[in-house]
Amino acid sequence: MRCPFCGYEESKVIDSRPTDENERIRRRRECIQCGKRFTTYETIEDVPIIVVKKDKSREVFERNKVLKGMLRACEKRPVTVNELENAISEIESALQSATDREVTSVRIGELIMEKLKGIDEVAYVRFASVYKEFDSASSFIEEISTL
């Protein structure tokens, strides 16, 4: 870390502690050359997940958009918002841990259906019917038979 007083490039950390929000770390440093002290803050770099849609356009992943779709599928079902939030957190973690920062909307839809299948089968079929664009009763029946 470069000293703001003399420009020397080496310093030592004297004290380190999280900020009130626990989103940054406050470090008290001392310059090895001039001995003056200064404070730095360290934050995690948030790299957004980019969603590649079917029409090849790109947009930033929005957690609320996923929640809205899942809530619509779970309407009048015994599913709590907490269950959906946990499922979305798991989906988001899977996307964050992937090496590629771009993910297709198809992949996100598959992850959502996978989670809904474990939460509520009716919600899963509702979501799948919109997501897979069922055009006939037979395609609907095919999907239900896989359950």
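Trainee: What makes strands E2 and E3 a pair?

Mentor: The two run antiparallel and are joined by seven bridges, and DSSP needs to find at least two bridges for strands to count as paired, so E2 and E3 qualify. Strands here are DSSP runs of E with at least two residues, helices are runs of H or I with at least four, and both are numbered from the N terminus. Arg26 stands opposite Tyr41 in E3. In the hairpin of E2 and E3, five residues lie between the strands, and Gly35 has a positive phi near 80°.

Trainee: What are these values taken from?

Mentor: This is a predicted model, in which local features need pLDDT of at least 70 and side-chain atom pairs count only at pLDDT 80 or more, while totals for chains, interfaces and linings use all residues. Residues are numbered from 1 along each chain as its sequence is written, and side-chain values use heavy atoms, leaving out hydrogens and water.

Trainee: How do you know that E1 also pairs with E2?

Mentor: Strand E1 (residues 11-18) is joined to E2 by seven bridges, in the antiparallel sense. Val13 has Arg29 in E2 as its bridge partner. Asn22, in the hairpin of E1 and E2, takes a positive phi near 60°.

Trainee: Why is Arg27 with Glu42 called a salt bridge?

Mentor: The term requires a side-chain nitrogen of Lys or Arg within 4 Å of a carboxyl oxygen of Asp or Glu. The closest N and O atoms of Arg27 and Glu42 are 3.0 Å apart, so the pair meets the criterion. Arg27 lies in E2 (residues 24-31) and Glu42 in E3 (residues 37-43), so the pair ties together parts 15 residues apart in sequence.

Trainee: Is Arg27 buried or exposed?

Mentor: Its relative accessible area is 18%, so Arg27 is buried; buried means under 20%, exposed over 50%, and partly exposed in between (1.4 Å probe, protein chains only). Glu42, at 38%, is partly exposed.

Trainee: What makes Asp120 with Arg77 a link across the sequence?

Mentor: Their closest N and O atoms are 3.1 Å apart, in a salt bridge. Asp120 is in the loop between H3 and H4, and Arg77 in the loop between H1 and helix H2 (81-97), so parts 43 residues apart in sequence are tied together. Asp120 is buried at 8% relative accessibility, and Arg77 is partly exposed at 30%.

Trainee: Why are E5 and E6 described as standing at the edges?

Mentor: The open sheet of three strands has the order E5-E4-E6, with mixed pairing. E5 (58-60) and E6 (102-104) each have a single partner strand, so one side of each is left without a neighbour in the sheet. Strand E4 (residues 50-52) pairs with E5 in the antiparallel sense over three bridges, with Ile50 opposite Val60 in E5.

Trainee: How do you know how helices H1 and H4 cross?

Mentor: The axes of H1 (residues 63-73) and H4 (residues 121-131) come within 8 Å and cross at roughly 115°. Axes are lines fitted to C-alpha atoms, for helices over the stretch in contact, with angles from 0 to 180 degrees between N-to-C directions.

Trainee: Which residues meet there?

Mentor: Gly69, Arg72 and Ala73 in H1 meet Ala123, Arg126 and Phe127 in H4, contact meaning heavy atoms within 4.5 Å.
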